[in-house]
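Colleague: I have a few questions about how the labels in this model were assigned. Can we go through them one by one?

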Amino acid sequence: MKLRIATVAASIAMLAGVSSVEAQQRLLIGSTSSSSSHYGYFVAVNQLINEHVESVDASVAETGATVDNLRRLSRDQIDMGLVTTNTGYQAYAGEGDYASRPVDTRLLWVYTVAPQNVVLRQDAGVSRLAELDGVRLNPGITGSSTETTTEAVLETLGITPEYVRGSTTDVVDSIKDGRIAGYVKSGVGKRLDGSTMDIATFTDVAVLSLDQQQAETLRSEMPDLAVVDIPEGAAEGIPAYTTWAFGVAMHASPSLDEETAYRIVKAVMEHPEPQVNAFAALEGEDMAEMTLSVGSVPLHPGAARYFEEQGYEIPDALMPVEQP
C-alpha cells in the first residue's frame, strides 16, 4: 500500500514537472549579424529577459536585421526583433516596398539613434557623395534597413554606385583587400561601428558627409529620416560630418500577450547596466524618452501600460491600436 502511494505521488510530481515545463513561454528574438555591435545588445537583452521575466525562456537568432526581421515577424517565425524606425513605419503603413504587403508590428522600445556612415578606403579617391557614381559600394548587409535606406537616399540624391551585396564579414574582407571601395554601416551612437574600426586597422578610411544641399533635400523628401551632425572624433582622425539616421527599436508581433510585453519592457527599462555594458552608446540615455520621441508605430499595449505607470504621456501616433 505504501509502495502504491509512493508510486502515485511520484507520478503526480512528474506530471507537475511536465506542466511546469509546458507553462514556460518560449520567445525567439531576431537580431542582426553577429559581427555587428548591435548583436551584443540583443544578447544582453535576452539575458535580462531570462533573468528577470518569470516563465519566459528567450533566445536570440542571428538574422539579416530589419527587413529580414519584418519578414520573419509577418510569418510568425520570431516573436520580437530589431526594426529601424523608418522601415518599421513604412511596413506598418504599407508604403514604399511594403505597399502591397504591410507588416503589422508593435513597438516595445527604442534603444538608440543610428547614424548611417558612408565609409570608404581613403585610397579609393572618393571625397564627396556625388563622386560615388559607378563606385563599388556595399549599401548595407543583405536584408537590412541600412541597405534599403541607403539605396533610397542615394536614389533621391541622384547618385548611382555599383552596389555589391553581402554579409558584414564578407564586405569587411572585400574592403580590406580592395575589391570594393567601401560600405554604409550603422554607427554606434556618435562612434563608428566595430567592423569599421576593424577595417581601419588595415587601411586608412574616410567617412563621406552630406553637403548642405543634400541635407536639405533629405529633410524635405524623406521626412521619415533624421539628418544628424556627428562631431569630430567618431574615430581617430575622422573630422565632423553630416549624415542621415534612424532609430533602432525592438518591435513585437501583435500576438505577444500584454502581460508578457509589460514585464519585458519593465525589466529592460529598470535594468540598464547590462545594456550599457554591451552597447556603450546607451550610456546616459533615457530609453523611455527616446522611445516616445523617435518611435514610429503604435506601442504594444503592454509597453504603453508600463510607460503610463511611470508618468509618461503617450503621443497620439504611438497610442495602442486594436489588432486587425
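Colleague: Which residues in helix H3 (residues 66-74) are buried?

Modeller: This is a predicted model. In helix H3, Thr66, Val67, Asp68, Asn69, Leu70 and Leu73 are buried. Buried means under 20% relative accessible area, so each of these six falls below that cut-off.

Colleague: What do the buried residues of H3 pack against?

Modeller: They pack against strand E1 (25-30), E3, helix H4 (85-93), helix H5 (145-156) and E10. The test for contact is heavy atoms within 4.5 Å. Just after H3, Asp76 takes a positive phi of about 60 degrees.

Colleague: Why is strand E10 (residues 241-252) called largely enclosed?

Modeller: Twelve of its twelve residues are buried, so the rest of the structure largely encloses E10.

Colleague: What makes strand E3 (residues 80-84) and E10 a pair?

Modeller: The definition asks for at least two bridges. E3 and E10 have five, in the antiparallel sense. Leu82 stands opposite Met250 in E10.

Colleague: How do you know that strand E4 (residues 106-121) pairs with E10?

Modeller: Eight bridges join E4 to E10, and the two run antiparallel. At least two are needed, so they pair. Val110 has Ala249 of E10 as its bridge partner.

Colleague: And what makes strand E9 (residues 226-230) a partner of E10?

Modeller: Five bridges, again antiparallel. The threshold is at least two, so E9 and E10 qualify. Val227 stands opposite Trp244 in E10.

Definitions and conventions. Residues numbered from 1 in each chain as written. Predicted model: local features only at pLDDT ≥ 70, side-chain atom pairs only at ≥ 80, totals over all residues. Heavy atoms only, no water. Buried < 20%, exposed > 50% of the residue type's maximum accessible area, 1.4 Å probe, protein only. Helix = DSSP H or I, 4+ residues; strand = E, 2+ residues; numbered from the N terminus.
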